[in-house]
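Here is a short briefing on one protein chain. Keep the sequence and the model side by side as you read.

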Amino acid sequence: MRSARFWIVVLLMSFTALVLQVRGDQDKVVPSRPLNELPATIGARVATDIPIDQETREILGKGDFLERDYRQPRGASAASPGGRADISLYIAYFPTQRTGQSIHSPQNCLPGAGWTFESSGVTEFTDAAGKQYRVGEYLITNGVVADEVLYWYQMQGRSIAGDYKAKLYTLLDSIRYGRTDAALVRIITPIDPNEDRLQAHNRAVDFAEQIIPLLPAYVPN
């Protein structure tokens, strides 16, 4: 199954490259604000930036990247909205994926860092304006701790839960609109030994609901 998925991705990427080559040399790049201008305070949580070293940036490619830990203020109780646990936010935005640049899937990156995907699924929620979102939901472990993960691809105002579907939309958008821009948005929160997974799930979804309305300024619709 993994081998079949690998070759599907290879074929999609190869076909996308061929279409882009035939279509022309330039993507339409929509102006956007840099990710480091994303608010450092979300709800009651305040962010600490996590530096991304140059070697990692070279591996990631020519994009705009943000990694932060959003934490409750000192003295917050477990009964505070979202509980005490940290929220880790990572966003990788590529204005174009034409020149061999592409988003690295957490399905590849996290196992390389020693994490195992224990379960996967899709969760849905609705923002204050009534717009629905579908995002991937995962349970990961590293033998010692367990984390709740949400991630999705943000593309022209869409939230796309799956890696392969995102590749397909990249191909279609390149043909229809001349755009290959997209972002990966990943949220991780630890599952405390004294809580069940549902609490961590609710914490991650609550945070996602707060940041999604902010994204169009940084990841254009």
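**Around L110**

L110 touches W115, F117, I140 and R186, leaving aside residues up to four places away in sequence; contact means heavy atoms within 4.5 Å. The model is predicted: local features need pLDDT of at least 70, side-chain atom pairs count only at pLDDT 80 or more, and totals for chains, interfaces and linings use all residues. Residues are numbered from 1 along each chain as its sequence is written, and side-chain values use heavy atoms, with hydrogens and water left out.

- L110 sits in helix α3, residues 106–112. Helices (H or I, at least four residues) and strands (E, at least two) are DSSP runs, numbered from the N terminus.
- L110 is buried because its relative accessible area is 8%. Buried means under 20% relative accessible area, exposed over 50%, and partly exposed in between (1.4 Å probe, protein chains only).
- The C-alpha atoms of L110 and N142 are 9.8 Å apart, while the two residues are separated by 32 residues along the chain.

**Overall layout**

- The chain has five helices and nine strands.
- Along the sequence, their order is α-β-β-α-β-β-α-β-β-β-β-α-β-α.
- The chain has 221 residues, and 45% of them count as buried.
- Among contacts with a separation of 6 or more, 66% involve residues 24 or more positions apart.

**Nonpolar cores**

- The largest nonpolar core has 27 residues. Such a core is a set of buried Ala, Val, Leu, Ile, Met, Phe, Trp, Tyr and Cys residues joined through side-chain atoms within 4.5 Å.
- Y70, L89, I91, W152, I187, F207 and I211 have the most contacts inside this core.
- The elements giving two or more residues to this core are β3 (64–71), β4 (87–94), β6 (132–141), β7 (146–155), β9 (182–190) and α5.
- Helix α5 gives the most, with five residues.
- Apart from this core lies another, of 20 residues, among them A92, I103, Y153 and I188.
- L89 touches L38, L66, E67, R68, Y70, V185, R186, I187, F207 and I211, not counting residues up to four places away in sequence.
- In soluble globular proteins, nonpolar side chains tend to be buried together.

**Aromatic pairs**

- A search of the whole structure finds six aromatic pairs. Rings of Phe, Tyr and Trp (its six-membered ring) pair if their centres lie within 6.5 Å; planes under 30 degrees apart count as stacked, over 60 as edge-to-face and the rest as tilted.
- Y70 and F207 form a tilted pair, 5.1 Å centre to centre with 55 degrees between the planes.
- This pair links distant parts of the chain, with Y70 in strand β3 and F207 in helix α5, 137 residues apart.
- Y70 counts as buried because its relative accessibility is 0%. F207 is buried too, with a relative accessible area of 2%.
- F117 and Y138 form an edge-to-face pair, 5.4 Å centre to centre with 90 degrees between the planes.
- F117 lies in strand β5 (residues 116–126) and Y138 in strand β6, so this pair ties together parts 21 residues apart in sequence.
- F117 is partly exposed at 21% relative accessible area, whereas Y138 is buried at 7%.
- F117, Y138, Y151 and Y153 form one aromatic cluster.

**A buried arginine**

- R203 lies in helix α5, residues 197–211.
- R203 counts as buried because its relative accessibility is 5%.
- The side chain of R203 makes a polar contact with the side chain of T189, at 2.8 Å. A polar contact is a pair of N or O atoms within 3.5 Å; within protein, one must be able to donate a hydrogen and the other to accept it, and residues adjacent in sequence count only if both atoms are side-chain atoms.

**Strand pairing and backbone**

- Strands β1 (residues 41–42) and β2 (residues 45–49) pair in the antiparallel sense over two bridges. Two strands pair if DSSP finds at least two bridges between them.
- T41 has V46 in β2 as its bridge partner.
- The β1 and β2 hairpin has two residues between the strands, and G43 there takes a positive phi near 60 degrees.
- β2 and β3 run antiparallel and are joined by four bridges. D49 stands opposite R68 in β3.
- Q156 lies in the loop between β7 and β8 (158–160). Q156 is a residue other than glycine with a positive phi, near 50 degrees.
- Most residues other than glycine have a negative phi.
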